Amino acid sequence: MDPTCTGTSATATVDTRQGMAARTGRRLREYATLFILAGLVLAASMVSADFFTAPNLSNISRQIAGFGIMSMGMLLVVLTGGIDLSIGSVAAFSSVVTAMLIPGHGLGMGLMAGLGTGLACGLINGLLIANYRLSPFVVTLAMMTVARGLALMVSHGAPILVDETGALLLDFGRATLLHIPLPTALMLLVFCAGALFLGWTRPGRIVRAVGSNEEAVRLSGVPVGRHVLLTYLVSGALASVAGIISTARAGVGAPTVGVGDELTVIAAVVIGGASLAGGRGNVLNTLVGVVILGVIANIMNLASVPGYHQQVVMGVIILAAILVQRGTVATRR
């Protein structure tokens, strides 16, 4: 037998094994969030026998609907390499505006005003970031303060009750479709739309490309600013939807809605594997990240962990997710 052929065959075998190991590693990283979720569900079932009851699962899905919808908007922003810290405050402002206008102007006008509030905030964020090249962190931090302040000003710091004119909205917050709460069904619809946008449309592919190499996209003649603006518009609109859902569930428009939600949403996106540097992240893993945080919060509630302890745990989870992500990127390099 030719020794040269034997050596070539052995080298090919080693390359094949290394290739298989690399593919297996990529698959494991890709589905890591699903394994984490499975482990959490198992742990939750051991912590409390109430976890797998229908009312508890329904309660989890209702609780994650609002910040889940905001997570889809945040994913688009993060894919471009940006961040939106204003979503919690925009949700509160939209909630208050919606509740204020429903009694005097009807449900339709209230909903349009609430949605318009989110779009206006997203438009301002997007214009300042895309056209004036200002830092997303600074712009959205300022919008966070402004929107929360406006919500407190127009409501005088008190919740605004939705009267019988908004009965349909209140029914939406409490109703179910095939045993799935309607706010949860809306969240799943938003994620499906996001998956179609990112996977099957040209603007969606450009949004992902902007985060990977903005300069290359710009040199290819694509209007980068227009697509960045689009992501902040969508983020603002989805934040307003989350605020309206909160109004539907509670029956009031509250200026305190969404306090701290921006951190929870960022945590869900990061746990889902999205890179805060942009260009990497997918819809399914973001949804799994949302469910993971919902299950963790539910486990702590079932175990009667105090609220301030829960904040500590959530902070540790965010830090751990970022460290794992950084380690994954380093491994890929």
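Student: Let's zoom in on α12: at roughly what angle do the axes of helix α2 (residues 32–47) and α12 cross, and within what distance do they come?

Tutor: Quick ground rules: this is a predicted model, with local features needing pLDDT of at least 70, side-chain atom pairs counting only at pLDDT 80 or more, and totals for chains, interfaces and linings using all residues. Residues are numbered from 1 along each chain as its sequence is written, and side-chain values use heavy atoms, leaving out hydrogens and water.

Now your pair. The axes of α2 and α12 come within 10 Å and cross at roughly 20 degrees (axes are fitted to C-alpha atoms over the stretch in contact, and angles run from 0 to 180 degrees between N-to-C directions; helices are DSSP runs of H or I, at least four residues). So α2 is roughly parallel to α12 (under 35 degrees counts as parallel, over 145 as antiparallel, 65 to 115 as perpendicular, each "roughly", and the rest as oblique). The crossing of α2 with α12 is left-handed, with the near helix turned anticlockwise from the far one by less than a right angle (clockwise would be right-handed). On the α2 side, T33, L34, I36, L37, L40, A44 and V47 make the contact (heavy atoms within 4.5 Å), and they meet N285, V288, V291, I292, V295, I296 and I299 of α12. That contact counts 12 nonpolar residues, 2 polar and no charged (Asp, Glu, Lys and Arg are charged; Ala, Val, Leu, Ile, Met, Phe, Trp, Tyr, Cys and Pro nonpolar; the others polar).

α12 has another partner in helix α7 (residues 182–200): the two pack at about 155 degrees, axes 9 Å apart, and are therefore roughly antiparallel. Here M187, L188, F191, G194, A195 and L198 of α7 touch V283, T286, L287 and V290 of α12. By class, the contact of α7 with α12 has 8 nonpolar, 2 polar and no charged residues.

Of its 30 lining residues, Q63, F67, V259, D261 and T264 are the closest to the centre (a pocket is an open set of 1 Å grid points with protein on both sides within 12 Å along at least five of seven lines, a 1.4 Å probe fits, and lining atoms lie within 4 Å of a point). The lining splits into 13 nonpolar, 14 polar and 3 charged.

Two of those lining helices, α3 and α11, cross at roughly 65 degrees with axes within 9 Å, so they are roughly perpendicular. Among the residues in their contact are F67 and M70 of α3 and D261 and T264 of α11. The contact of α3 with α11 has 9 nonpolar, 2 polar and 2 charged residues.
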